[in-house]
Amino acid sequence: MIDDTAGDPRFSGLPGRPGKIIAVHLSYRSRADQRGRRPAAPSYFLKASSSVAASGGVIERPPGTELLAFEGEIALVIGTAARHVRLDRAWEHVGWVTAANDFGVYDLRANDKGSNVRSKSGDGFTPIGPGLIDARAVDPGALRLRTWVDGELVQDDTTAGLIFPLAQFVADLSQHFTLEPGDVILTGTPAGSSVVVPGAVVEVEVDSPATGATSGRLVTTVVEGTGPGYDASVGSLPSVDDAQRADAWGTPEPATGLPAELRTKLERCPVAGLSGQLRKRGLNNVSIDGVRPLHPEAKLVGVAKTLRFVPNREDLFGSHGGGYNAQKRAFDAVREGEVLVIEARGEPGSGTLGDILAIRAHAAGAAGIVTDGGVRDLDAVTAVGIPVYATGAHPAVLGRKHVPWDVDVAVACGGATVLPGDVIVGDADGVIVIPAGIAEEVVDAALAQEDEDAWIAARVAEGHPVEGLFPMNAEWRARFTAERA
């Protein structure tokens with residue numbers, strides 16, 4: 001039985017006072033990309049249980065400090081003891097899920113070498129609650145985390161965006177010590193964490209869109225601390241520099257769209273010209289084959305966001321096909337300037353999207369959709385107006401041929417490997433994939449070649465034979481260079 005700590009109001013959002021609070025350093029892809037590194041395995045630090053606070057309370061920014069930052073997180077509360085548990089059984093040991101805010105003072109990080117003892121364990125630095133969600137009633141891969149500051153949504157991500165699944169934290173930690181009933185695991189924060197100042201109100205909510213279960217909003221108000229401050233005679237004083245400020249305030253998320261100048265060049269350049277330049281650089285397998293545009297007159301230019309389907313298997317569709325599945329998460333997460341690229345194994349016998357998802361992508365500002373599978377509601381999808389490339393139309397719903405499996409991974413679409421962030425360009429000739437690092441070089445070379453080809457075409461139209469002109473010999477090359485100069 002978990003001790004209720006005699007009704008201590010600090011722990012009203014939990015079954016009782018936790019024996020341990022273990023926090024994950026870096027766990028969401030969006031946060032890792034913001035920091036410029038992705039860990040190969042989870043790493044952790046401990047927070048004092050005395051730092052727990054209830055919803056509706058306040059947090060003091062310590063006197064003499066500048067950089068108090070919020071971190072909205074999903075908290076796992078252990079229900080049954082876990083020691084040396086397998087990954088496939090780890091979630092059984094989680095009793096509840098709720099919201100948490102992993103506050104920290106960046107001014108105090110420098111001397112703790114990642115342990116975060118002083119920067120993260122202050123009184124009131126771990127608000128948790130207000131309500132508990134039964135872990136058995138939700139899909140751990142489809143939970144949503146949102147944070148608001150003064151009513152503005154600043155963090156919005158799902159557990160589909162985690163580098164490591166939630167159950168892995170339980171299995172991993174149980175290798176090293178016993179997770180006891182009531183222990184709390186703070187599972188990391190997505191991009192959007194930043195500094196808050198006295199007067200700010202921070203709210204965090206965890207919910208399951210598929211079931212409607214929610215933690216409710218965890219509300220914390222920031223106030224200025226009035227205590228005596230830190231004593232240099234017994235420990236280090238707060239200190240900040242520009243690097244700490246940049247970390248605390250949060251660097252902007254990587255732009256999902258392309259730089260305006262590069263986008264303009266790509267919009268001017270035909271896919272055939274880009275294909276020729278990629279071939280010159282040894283890249284032959286970069287065309288997405290077998291797909292045709294619903295809007296042949298529209299140019300498609302953007303960066304790839306990926307969605308992967310696997311072949312349908314009834315038990316897997318039962319666990320991954322319903323509710324807020326990977327397909328719905330991908331369309332909800334697509335952002336302005338992105339092209340949603342869908343791997344459907346070239347299977348045309350089922351729809352991979354319909355009009356509602358096309359409307360969602362269009363409303364989010366997506367640059368387009370490319371799927372090597374079929375499209376349902378073809379006329380309605382066409383009417384939405386967003387550029388779509390597909391193998392054709394098919395009336396069948398998703399479960400006939402596919403299981404939506406994963407997002408933001410390498411996919412194989414129309415025989416081409418596509419990575420998240422690759423540059424996607426399409427026109428009436430087809431769709432091509434350009435590695436982001438060489439996009440500028442390729443389009444500049446392609447436009448130069450287009451200019452040269454246009455000049456050659458004009459000479460042919462004047463009546464000149466193609467011999468010696470296409471390609472140009474030295475004499476024609478000199479004439480071309482002189483005219484362009």
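Me: Which residues do ring pairs link into a cluster?

Reply: Rings of Phe, Tyr and Trp (its six-membered ring) pair if their centres lie within 6.5 Å; planes under 30 degrees apart count as stacked, over 60 as edge-to-face and the rest as tilted. Ring pairs that pass this test build a cluster out of Tyr44, Phe164 and Phe169.

Me: What pLDDT do local features need in this model?

Reply: Residues are numbered from 1 along each chain as its sequence is written, and side-chain values use heavy atoms, with hydrogens and water left out. The model is predicted: totals for chains, interfaces and linings use all residues, side-chain atom pairs count only at pLDDT 80 or more, and local features need pLDDT of at least 70.

Me: What is the angle between the planes of phenylalanine 164 and phenylalanine 169?

Reply: The whole structure holds four aromatic pairs. Phenylalanine 164 and phenylalanine 169 make an edge-to-face pair, with 6.4 Å from centre to centre and planes at 70°.

Me: Are phenylalanine 164 and phenylalanine 169 buried or exposed?

Reply: Buried means under 20% relative accessible area, exposed over 50%, and partly exposed in between (1.4 Å probe, protein chains only). By that scale, phenylalanine 164 and phenylalanine 169 are both buried.

Me: Why does tryptophan 455 count as buried?

Reply: Arginine 459 lies over the face of this ring, 4.8 Å from its centre. The test for such a contact is NZ of Lys or CZ of Arg within 6 Å of the ring centre and within 35 degrees of the ring normal. Tryptophan 455 is buried because its relative accessibility is 3%.

Me: Which arginine lies over the face of tryptophan 148?

Reply: Here the charge stands 3.5 Å from the ring centre. The residue is arginine 217.

Me: Which residues are linked in a network of salt bridges?

Reply: A salt bridge is a side-chain nitrogen of Lys or Arg within 4 Å of a carboxyl oxygen of Asp or Glu. The structure has 30 of them. One network is made up of Arg144, Arg146, Glu203, Glu205, Asp207 and Arg217.

Me: How many residues apart in sequence are the parts tied by aspartate 207 and arginine 144?

Reply: Aspartate 207 and arginine 144 form a salt bridge, with the closest N and O atoms 2.6 Å apart. Aspartate 207 sits in strand β14 and arginine 144 in strand β11 (residues 144–149), so the tied parts are separated in sequence by 63 residues.

Me: Which strands does the salt bridge of arginine 146 and glutamate 205 tie together?

Reply: The closest N and O atoms of this salt bridge are 3.4 Å apart. The tie spans 59 residues in sequence, because arginine 146 lies in β11 and glutamate 205 in β14. Arginine 146 is buried at 17%, and glutamate 205 is buried at 11%. The strands are β11 and β14.

Me: Which residue stands opposite glutamate 203 in β15?

Reply: Two strands pair if DSSP finds at least two bridges between them. Strand β14 (residues 201–207) and β15 pair antiparallel over four bridges. Opposite glutamate 203 stands valine 219.

Me: What is the bridge partner of glycine 57 in β15?

Reply: Strands β4 (residues 57–61) and β15 (residues 218–224) run parallel and are joined by five bridges. Glycine 57 has as its partner threonine 220.

Me: Which are the edge strands of the open sheet of six strands?

Reply: The sheet has mixed pairing and the order β2-β1-β13-β6-β7-β10.

Me: What is the bridge partner of glycine 72 in β7?

Reply: Strands β6 (residues 72–78) and β7 (residues 94–101) pair antiparallel over seven bridges. Across from glycine 72 is asparagine 101.

Definitions and conventions. Helix = DSSP H or I, 4+ residues; strand = E, 2+ residues; numbered from the N terminus.
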